[in-house]
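Take a look at the chain below.

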Amino acid sequence: MSDPAAPARPTPAPMPADPGLPERPDRAGEPTVTGPATTIDDLVSNNAAYADALAPAHLPVEPARRIVIVTCMDSRIDVFAALGLHNGEAHIVRNAGGVITDDMIRSLAISQRKLGTREIMLIHHTDCGMQKVSDDAFRAELQEATGIAPAFAIESFTDVEADVRQSILRVRRSSFVPYRDVVRGFVYDVDTHLLSEVECP
Ligand SMILES: [Zn+2]
């Protein structure tokens, strides 16, 4: 029963139109699968080929180069290729913006205290999606769409180098992270693929 004194629930904003997913192409010899093809289907198939081509091998859980790299979820940063890293050598921790949030500190604490890493490399990048939103506008958008203001900070930024320095300072000031002598920050240019270091006195 509705309470006439209760405030009306906000009407959710309409979701953007879904452009639709392509139909799964017929595959000879495979059972007919109904439903739209998804990228995940492709990736599972890619994985089967990947596993097939590799001999089984077990690497230690501790990264061999004893480094953790914090970067953005951006789809154009191929961390292993861009840094010449190989499987088993580094922890890679990513979120929107490569921002040092509480959850990122949690990962850094585990990485150093339980899995032996000693250096921290922070990589932000040019043309980041987090430069295209504002904290206030996105917070308002979420609240308008759902009726709930998020408990988390949005962490957008405009000046990428200033945000790298902010991230370095957050790591340096966290005693949950015991090894803070080697914490360096960089901006990766998504067009030239070059890193440039950001000094943080
Ligand atoms: Zn980004």
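Which strand is the place of valine 198? Valine 198 sits in strand β5. Keep in mind that this is a predicted model.

**Around valine 198**

Is valine 198 buried or partly exposed? Valine 198 has 19 C-beta neighbours inside 10 Å. A residue needs 20 or more to be buried, so valine 198 counts as partly exposed. Leaving out residues up to four places away in sequence, valine 198 touches Glu161, Val164, Arg165, Gly185, Phe186 and Val187. Take glutamate 161: it is 37 residues from valine 198 along the chain, yet their C-alpha atoms are separated by 6.4 Å.

**The whole chain**

Step back to the overall plan. The chain has five helices and five strands. Along the sequence they follow the pattern α-β-α-β-α-β-α-α-β-β. Buried residues make up 19% of the 201 residues. Now consider contacts between residues at least 6 apart in sequence: 64% of them join residues at least 24 apart.

**The sheet**

What is the order of the strands in the sheet? The five strands form an open sheet in the order β2-β1-β3-β4-β5, and the pairing is mixed. Strands β2 (90–95) and β5 (195–198) stand at the edges. Each has a single partner strand, so one side of each is left without a neighbour in the sheet. On average, neighbouring strands are turned by 25° against each other, direction ignored.

Strands of a sheet pair through backbone hydrogen bonds, either parallel or antiparallel. Strand β1 (residues 67–72) runs parallel to β2, and six bridges join them. Strand β1 also runs parallel to β3, with five bridges between them. The table lists some residue partners across these pairs.

| Residue | Partner | Partner strand |
|---|---|---|
| Isoleucine 69 | Isoleucine 92 | β2 |

How many of the six residues of β1 are buried? Five are, so the strand is mostly covered.

**Helices on the sheet**

Helix α3 (residues 102–115) lies across β1, β2 and β3 (119–125). The helix runs at about 170° to β2. Helix α5 (residues 160–172) also packs on the sheet, touching β3, β4 (183–188) and β5. The direction of α5 makes about 160° with that of β4.

Look at α5 in detail. It has 13 residues and reaches 18 Å from its first C-alpha to its last, close to the 18 Å expected at 1.5 Å a residue. Which residues of α5 are buried? They are Asp163, Val164, Ser167 and Ile168. Seen down the helix axis, these buried residues fall within an arc of 145°, so they line one face of α5. An α-helix has 3.6 residues a turn, so residues three or four places apart point the same way. The buried residues of α5 pack against β3, β4 and β5. One of these four, Val164, is also among the residues that valine 198 touches.

**A helix in the open**

Now turn to helix α1 (residues 39–53). At 1.5 Å a residue, its 15 residues should span 21 Å. The end C-alpha atoms are 21 Å apart, which agrees. How many of the 15 residues of α1 are buried? The number is zero, so α1 lies largely in the open.

Key. Residues are numbered from 1 along each chain as its sequence is written. This is a predicted model: local features need pLDDT of at least 70, side-chain atom pairs count only at pLDDT 80 or more; totals for chains, interfaces and linings use all residues. Two strands pair if DSSP finds at least two bridges between them. Helices (H or I, at least four residues) and strands (E, at least two) are DSSP runs, numbered from the N terminus. Axes are lines fitted to C-alpha atoms, for helices over the stretch in contact, and angles run from 0 to 180 degrees between N-to-C directions. Two residues are in contact if their C-beta atoms, placed from the backbone, lie within 7 Å. A residue is buried if 20 or more other C-beta atoms lie within 10 Å of its own, exposed if 12 or fewer, and partly exposed in between; C-beta atoms are placed from the backbone. The expected span of a helix is 1.5 Å times one less than its number of residues. The arc is that of the directions from the helix axis to the C-beta atoms.
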